[in-house]
Amino acid sequence: KVDVCEGIDSTLMILQHRLKARAERPAIEIVREYGDLPLVECYAGQLNQVFMNLLSNAIDALEESNAGRSFRDIVDKPNRISIKTTKTEQDCVQITIADNGAGIPEKLRSRIFDPFFTTKPVGKGTGLGLSISYQVVTEKHGGKLWCDSTQGEGTQFAFEIPIHRTDVD
């Protein structure tokens, strides 16, 4: 049994070097809205990998959306990642990770969970992060993972997993 919010915070600590201010942009804001969650029966290491994939992708999306924007533009409309955790009525926890980047074009959304599909330049991504995350959430935890995105406004990934394990392996 693990504290999911602790796993998110540990992942953010690992990614701190990517979140802090740089010459070309101010720090990426992290907005945490953690609900009162029970401990969750899960594979903590695998769940932390999902957090790492989703948060890294959000950072990548923000960096990509900054291309062509001035430092002042970014200060006026800061890069932000929002993380929300809630307990659902179905005895699950839901984790939502949203960025205010450029969003995912509609024509690409149907493929984002496909293995080896990537929108990143050669050498930047393998196209496995979301595919692995999907497998971990659905197959290893019996949950659901989905994405909502609006071009020009950002992307939100959300997933739900049961609080109590029902061996799904």
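Residues are numbered from 1 along each chain as its sequence is written. Because the model is predicted, local features need pLDDT of at least 70 and side-chain atom pairs count only at pLDDT 80 or more, while totals for chains, interfaces and linings use all residues; side-chain values use heavy atoms, with hydrogens and water left out.

## The chain as a whole

Let us begin with the overall layout. The chain holds six helices and five strands, where helices (H or I, at least four residues) and strands (E, at least two) are DSSP runs numbered from the N terminus. Read from the N terminus, the order of elements is α-α-β-α-α-β-β-α-α-β-β. The radius of gyration is 16 Å, close to the 15 Å that the globule rule gives for 169 residues, so the chain is as compact as a globular protein of that length. Here the radius is taken over C-alpha atoms, and the globule rule is 2.2 Å times the number of residues to the power 0.38. Along the principal axes, the C-alpha atoms fill a box of roughly 50 × 30 × 25 Å.

Of the 169 residues, 40% are buried; buried means under 20% relative accessible area, exposed over 50%, and partly exposed in between (1.4 Å probe, protein chains only). A contact means heavy atoms within 4.5 Å. Among contacts between residues at least 6 apart in sequence, 68% join residues at least 24 apart.

The accessible surface comes to about 9,200 Å², and 51% of that belongs to carbon and sulfur atoms. These areas come from the Shrake-Rupley method with a 1.4 Å probe, and for residues only the protein chains shown count as cover. There are 20 positive and 24 negative side chains, with the centres of the two sets 5 Å apart. In that count Lys and Arg are positive and Asp and Glu negative, while His and the chain ends are not counted; each charge is placed at NZ of Lys, CZ of Arg, CG of Asp or CD of Glu.

## Helix α6 and its surroundings

Helix α6 covers residues 129-140, which is 12 residues, and reaches 15 Å from its first C-alpha to its last, close to the 16 Å expected at 1.5 Å a residue. The expected span is 1.5 Å times one less than the number of residues. Its buried residues are Leu-130, Ser-131, Ser-133, Val-136, Val-137 and Thr-138. What do the buried residues of α6 pack against? Their partners are α3 (44-65), β4 (144-150) and β5. After the helix comes Gly-142, with a positive phi near 65°.

Strand β5 (residues 154-162) includes Glu-160, which is buried with a relative accessible area of 10%. Beyond its neighbours within four places in sequence, Glu-160 is in contact with residues including Val-137, Gly-143, Lys-144 and Trp-146. Thr-88, Cys-92, Val-93 and Gln-94 are also among its contacts.

Ile-59 lies in helix α3 and is buried, at a relative accessible area of 0%. Leaving aside neighbours within four places in sequence, Ile-59 meets Leu-15, Arg-18, Leu-19, Ile-28 and Ile-81.

Gly-101 sits in the loop between β3 (92-99) and α5 (106-109), and at 3% relative accessibility it counts as buried. Not counting residues up to four places away in sequence, Gly-101 touches Leu-62, Ser-65, Gly-152, Glu-153 and Gly-154.

Asp-91 belongs to the loop between β2 (80-87) and β3. Its phi is near 60°, a positive value in a residue other than glycine. Most residues other than glycine have a negative phi. Asp-91 is partly exposed, at 35% relative accessibility.

Arg-32 is in strand β1 (residues 29-34) and is partly exposed at 45% relative accessibility. Outside four places in sequence, Arg-32 touches Asp-9, Leu-12 and Ile-83. Arg-109, in helix α5, is partly exposed with a relative accessible area of 26%.

The table gathers some C-alpha separations.

| Pair | Apart in sequence | C-alpha separation |
|---|---|---|
| Gly-101 and Ala-58 | 43 residues | 7.8 Å |
| Ile-59 and Gly-101 | 42 residues | 8.8 Å |
| Arg-32 and Ile-8 | 24 residues | 9.8 Å |
| Arg-109 and Cys-147 | 38 residues | 8.1 Å |
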